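Subject: Structure handover

Hi there,

Here is the structure I promised to pass on.

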Amino acid sequence: MTGAPANSNRASGLHLRTYAALAVIITLAPLGNVLLGKGMKGIAAATTWHPSELFSILGQILSSPYIWLGIAAQLAFFVAYMVVLSWADYSYVQPACAFSYAVVAVLGYLMLGEIVNPLRAAGIAVICLGVIVVGRTAPRTTDPIHAVERALEHG
Amino acid sequence: MREAFLLFLVIFAGTGGELCISRAMKTAGEVTDFRPASLLRFVWRAMRVGWTWIGISMMAVAFFSLLGMLSIEAVSFVVPVTALSYAAGALGAAVFLRERVSAQRWLGVLIVCVGVTMVWLSKH
């Protein structure tokens, strides 16, 4: 008698957990990119590409707190992505993550004061649509063992 | 020109790295046991596949190229144009991994390319 409500509660909890995890994923990846961007804006771009100049830039990159925060956000995104894939389908998660392209534009505007013109906004919307179309295809089209056999056969 | 070169590195080194890792994972075998000891054994097995190291090296090149792009362009430009990796990924999966890429997936890739072109044009 209690089976149906229990299943319904479990499904509802799973949906809630999935939405929460997706919200975290869609925020963390763009946040990581914006932090990396903020860190790199304070570092002069290479002009001569001489090894000594490149090492100096590498030193500045590794000593920037924004770069490390960006890397931490990207790592947290990666862990959250792996975790959500442990219960949700890849074909559901991947298109949902397309919205991170829109979030990066919003965060770029809010945190870095970047201007997103109408053509760029439209382009980002088209990219999101394309990613959703890609995500609605079957996530696996080959058997892994056969795929690697075929790849090895063809060098 | 510099942006185009860095984007080329981000896309091709990044996608190439992911394809190498994917090929290495298929050689290392599927993960079915998620206990820490089994996962460590899987990582050890993957590390002994040459493709893993080629993949990691290529992904490092892609990461530093991304940082290079971020130092000269806006984040709202750089991140969307890297979606071009969907096109490189589909092409690489078809050629390198011999996966069957459906017509719908190619359509999605085409739409992504149109969007990337629009974002690229928005720079001028």
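What follows is a short account of what was found, chain by chain and then across the two chains.

First, some housekeeping. This is a predicted model, in which local features need pLDDT of at least 70 and side-chain atom pairs count only at pLDDT 80 or more, while totals for chains, interfaces and linings use all residues. Residues are numbered from 1 along each chain as its sequence is written, and chains are lettered from A and ligands numbered from 1 in the order in which they are written.

Chain A

Chain A has seven helices and zero strands. (Helices are DSSP runs of H or I with at least four residues, strands are runs of E with at least two, and both are numbered from the N terminus.) Along the sequence, the pattern reads α-α-α-α-α-α-α. Of the 155 residues in chain A, 32% are buried. Here a residue is buried if 20 or more other C-beta atoms lie within 10 Å of its own, exposed if 12 or fewer, and partly exposed in between, with C-beta atoms placed from the backbone.

Contacts are also worth a look. Two residues are in contact if their C-beta atoms, placed from the backbone, lie within 7 Å. Among contacts in chain A between residues at least 6 apart in sequence, 80% join residues at least 24 apart.

One helix pair to find is H5(A) with H6(A), residues 118–135, whose axes are 8 Å apart and pack at about 155°. Axes are lines fitted to C-alpha atoms, for helices over the stretch in contact, and angles run from 0 to 180 degrees between N-to-C directions. H5(A) is therefore roughly antiparallel to H6(A); the cut-offs are under 35 degrees for roughly parallel, over 145 for roughly antiparallel, 65 to 115 for roughly perpendicular, and oblique for the rest. On the H5(A) side, the contact uses Tyr101(A), Ala102(A) and Ala105(A), and H6(A) brings Ala121(A), Ile124(A), Ile127(A) and Cys128(A). By class, that contact has seven nonpolar, no polar and no charged residues. (Ala, Val, Leu, Ile, Met, Phe, Trp, Tyr, Cys and Pro count as nonpolar, Asp, Glu, Lys and Arg as charged, and the others, Gly among them, as polar.)

Val106(A) sits in H5(A), residues 100–112, and counts as partly exposed because it has 15 C-beta neighbours inside 10 Å. Its C-alpha atom is 8.5 Å from that of Val116(A), 10 residues apart along the chain.

Chain B

In chain B, the axes of H1(B), residues 2–28, and H3(B), residues 50–72, come within 7 Å and cross at roughly 155°. These two helices are therefore roughly antiparallel to each other. Their contact involves 17 nonpolar, eight polar and three charged residues. Among the buried residues of H3(B) are Gly55(B), Met58(B), Ala62(B) and Leu66(B).

Between the chains

How many residues of chain B are in contact with chain A? There are 35, and they meet 39 residues of chain A. The elements of chain B giving two or more residues to this side are H1, H3, H4 (75–81) and H6 (103–121). H6(B) provides the largest share, 13 residues. By class, this side of chain B has 20 nonpolar, eight polar and seven charged residues.

Best wishes
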